[in-house]
Number of protein chains: 2
Amino acid sequence: MALKNTREANYPEWYQNVVAAADMAENSASPGCMVIKAWGYGIWENIRNIFDEQFRETGHDNCYFPLFIPLSFFQKEADHVEGFAKEMAVVTHSRLGKADGKLVPQSPLDEPLVVRPTSETIIADSFAKWIKSYRDLPVLVNQWANVVRWEMRPRLFLRTREFLWQEGHTAHATAAEAEAETKQMLEVYRDVAENALALPVLVGRKPEHEKFPGAVDTYCIEAMMQDGKALQAGTSHFLGQNFAKSAGISFVNNEGKTEFAYTTSWGVSTRLIGGVIMTHADDEGMVVPPRIAPYQVILVPVIKNEADREAVTNYIEQIKNQIKSLTPFGEKIRIKIDNRNKSSVDKFWDWTRKGAPIICEIGMRDVEGGKVMVKERLKLGTPEGKQIMSAEQFAEDVADRLEAVQKEMFNRAKTRLENNIRTDIVTHEAFEKYFANANRFLKEGDSNAVAFVRGKWSGDPNSEELLKALKITIRCIPFDQSGTKGECLLTGAKDAEIDVIYARTY
Amino acid sequence: MALKNTREANYPEWYQNVVAAADMAENSASPGCMVIKAWGYGIWENIRNIFDEQFRETGHDNCYFPLFIPLSFFQKEADHVEGFAKEMAVVTHSRLGKADGKLVPQSPLDEPLVVRPTSETIIADSFAKWIKSYRDLPVLVNQWANVVRWEMRPRLFLRTREFLWQEGHTAHATAAEAEAETKQMLEVYRDVAENALALPVLVGRKPEHEKFPGAVDTYCIEAMMQDGKALQAGTSHFLGQNFAKSAGISFVNNEGKTEFAYTTSWGVSTRLIGGVIMTHADDEGMVVPPRIAPYQVILVPVIKNEADREAVTNYIEQIKNQIKSLTPFGEKIRIKIDNRNKSSVDKFWDWTRKGAPIICEIGMRDVEGGKVMVKERLKLGTPEGKQIMSAEQFAEDVADRLEAVQKEMFNRAKTRLENNIRTDIVTHEAFEKYFANANRFLKEGDSNAVAFVRGKWSGDPNSEELLKALKITIRCIPFDQSGTKGECLLTGAKDAEIDVIYARTY
């Protein structure tokens, strides 16, 4: 029943296999755009709800800003446009007409409109209107929206031309307050990634050449995928007064003087789902962390004899009623009875490929014995992955069991991350040699397996080119700096002070 | 403290005043697009959540389909494109470049992309891939998304170039099943409009010339605004096999024969918020039905003496704790303590203009007496609108009070609707005369007030032009037909059989 490709044999193909087998998303007729199907969208809704609660608790209001940004807004912010200029969808006409019996664009716009790749410029324009006095500050908003970046090599969830995300935007009276906000939201990202998505992350600051266009500082959370590559899972930007100056976000401070505000922005996207897949899925398909699973418990009736249908159906309803008020993770449990017109074996494999955390198969023998066959997706194929227990015990245990699965998923990923940050490479020579040969799937003790390298960096201005030559990136400058000096792994320069994470990425 | 314009003096201006005073939305720098601010977006989120629950209960899954639709997809569906062709945003380039130092669109697309005005064509393309056999049916999906129609006279919430909506799309094996789905979702719309938005509606079918482009039948819910005009609040379309044929949604039925599927689509949008405003707001600002209010209870501290601050703050926290686990409407109560740096009078008027259902003002005298000053927004300015009561009584009553306000809002609007459907106009002559003179704000017993007219229609094919000449529309053919014959109000033809609702609209 395994997927066509294993992780080890062909990781990129395996990824596509998982997305298809779990029925999470597919390519659409709209080039480079995806259709997010029910199981994928359900995961996204759960992620959204968990973030939303934290955004609210930290004082942010959800709003909605326009999809279209006048072209002139990009002209205003020189640094910003340099970073994005290459990849934007541009609306130039507002009408379809006919020419030679074929539809053609008509009515050219006076000013072309850019489909938002991100909304700093248009939101800054609103902020400029809203903010007059220090009493109006801080302004703390967030929006859930679609954005478009014209990717040339689209991949489902990871890099699509249209994707869904949230973007928080805030304005503050002081740099210190804005920086604190930037870090607070990074911490929200870390918390949700680790505790809801079971995605252990490294936190830190981006080097100069990896910053968001127009930002003073970009902070990030970085995760390790099962092939040892890094995935940027969320970013939080301190924008200083850059956008405030170009958009005119100024305010009268409490001494009567006019100042520019300090702004921030921060975002996570449907790419997180790609990260969850590449962290937790296995060679049989998806494995969804219970906290974000659209359904946490699947009840599959096993009807061998048509005469048993009513008894089995009633028994399953009973079990559902026994557990439906449970609250694993402090939220209402999500249960699905699968009554589709399909064999129970096919149903089991459907939910296995989708990665539903707990799949129960219930037949006449269970009805008679008051039992339930409980299968844990995470432990598929192991003896503990399959247990027959009394319905009472199941009802008593299931919430704890879901929480235990969540913890176990995090711990496994955390162990993988910790075991595969190499700190034994301390010279430029060894570093070059390692990345020249690092081409194997992550495996404990394999010195040629792709992994992260934590080591020194001199901050050399030519780093970007050197990194490109080695096909690697600096993921971040971790907050926990050692303070020691050593050889720059990238350039060989002595007395380099900065600790960074070097890694391959997608 | 009243708004600049009253409803009676200048209804369109009054509407803009309410939206601004309640801080719900504003025009943006992106022409014709709105910024939905926190209070407006919070209302939308509540509307979304209530619908979502009903969509789920009726078996629909949320998914997400692409923003962009290849131009050729519109070519396929001739009827459909005729209806929409005039008002679409078209993406023609995928890059910004520079010419003479100015940003310009570059990299023309091989095929232009239309920003979805609605998603029938692109979703039908997915359905064609998903559906092979009768076992795959029905397919029941919904998406929450932004759509774009190039409106030339934009008005906040009512008619903006970009708006938010949900669009349900389903495919079925038989016409009967698809028609039942169409009507089921219309009933969901009626239920939510009446019970959550306190918006009484008429339900019926659209006449031929008002149908959705490409539909066999369009059903609708229609509401009456305070100026006696009609607002279409939601539509549900039975699409027959039209989209199935152009997109190739076919399946092998249970006798082994290949057939085209029958599809439906149905949608409501942020326009509903415009309907809620025009139904419930008054000359002081917005009045939000409690069920969809972002905050249902506002607690405003009244600090006359800085020394009292702590006592008042603690007392308010206590009150919040006493009520925070209440569940009016079966949902967690939404409470806001307004601690902004503003006078309590200003705060009271802010929340009054926003239309928060219950506003409590609490000062030192209340702390000492164990009291609360409770103001009901709906009854602003009346003796019952303002009550001092014990904190215990308030906590005991508040959930019921919110539910009573909800009911009262619905009843008031229902009475207005029922009292202003004229059935006393039974001849073509009287009908023409009435609409020639109907120019006054809705007022009981005023024969020249704008109202709905329920009467006969012959179904004449020239009706559209005749209606235009009178500046009216047929809103719907109500489900409850009388079965009698009479003079067609529009043409004067005898023995007309169809009962319709004639009305002015926006």
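Two strands count as paired if DSSP finds at least two bridges between them. With that in hand, here's a quick tour of this predicted model. One such link is in chain A, where A:Q166 has A:V268 in β14(A) as its bridge partner.

**Strand β14 of chain A and its neighbours**
- Strand β8 (residues 162–172) of chain A and β14(A) run antiparallel and are joined by eight bridges.
- Strand β11 (residues 230–238) of chain A is also antiparallel to β14(A), this time with four bridges.
- Within β14(A), A:T264 sits opposite A:F238.
- β14(A) covers residues 262–269, and eight of its eight residues are buried.
- In a regular strand, side chains alternate between the two faces of the sheet.
- Here both faces are covered: A:Y262, A:T264, A:W266 and A:V268 are buried on one side, and A:T263, A:S265, A:G267 and A:S269 are buried on the other.

**The five-stranded sheet in chain A**
- This one is an open sheet with mixed pairing, and its strand order is β16-β15-β17-β18-β19.
- At the edges you'll find β16 (335–337) and β19 (386–390) of chain A, each pairing on one side only.
- From one strand to the next, the twist averages 25°.
- β15 (residues 297–302) of chain A runs parallel to β16(A), with three bridges between them.
- In that pair, A:K336 of β16(A) is opposite A:I298.
- Helix α10 (residues 344–354) of chain A packs on the sheet, touching β15, β16, β17 and β18 of chain A, at about 165° to β15(A).
- Helix α9 (residues 309–323) of chain A lies across β15, β16, β17 and β18 of chain A, and runs at about 165° to β15(A).

**A helix pair in chain B**
- Helices α2 (residues 38–57) and α6 (residues 175–195) of chain B have axes that come within 11 Å and cross at roughly 145°.
- The crossing of α2(B) past α6(B) is right-handed.
- On the α2(B) side, the contact uses B:I50, B:F51, B:Q54 and B:F55, which meet B:M185, B:V188, B:Y189, B:D191 and B:V192 of α6(B).
- That contact has seven nonpolar, one polar and one charged residues.

**How the two chains relate**

How values were computed:
Residues are numbered from 1 along each chain as its sequence is written. Chains are lettered from A and ligands numbered from 1 in the order in which they are written. This is a predicted model: local features need pLDDT of at least 70, side-chain atom pairs count only at pLDDT 80 or more; totals for chains, interfaces and linings use all residues. Side-chain values use heavy atoms; hydrogens and water are left out. Axes are lines fitted to C-alpha atoms, for helices over the stretch in contact, and angles run from 0 to 180 degrees between N-to-C directions. Helices (H or I, at least four residues) and strands (E, at least two) are DSSP runs, numbered from the N terminus. A crossing is left-handed if the near helix is turned anticlockwise from the far one by less than a right angle, and right-handed if clockwise. Contact means heavy atoms within 4.5 Å. Ala, Val, Leu, Ile, Met, Phe, Trp, Tyr, Cys and Pro count as nonpolar, Asp, Glu, Lys and Arg as charged, and the others, Gly among them, as polar. Buried means under 20% relative accessible area, exposed over 50%, partly exposed in between (1.4 Å probe, protein chains only).
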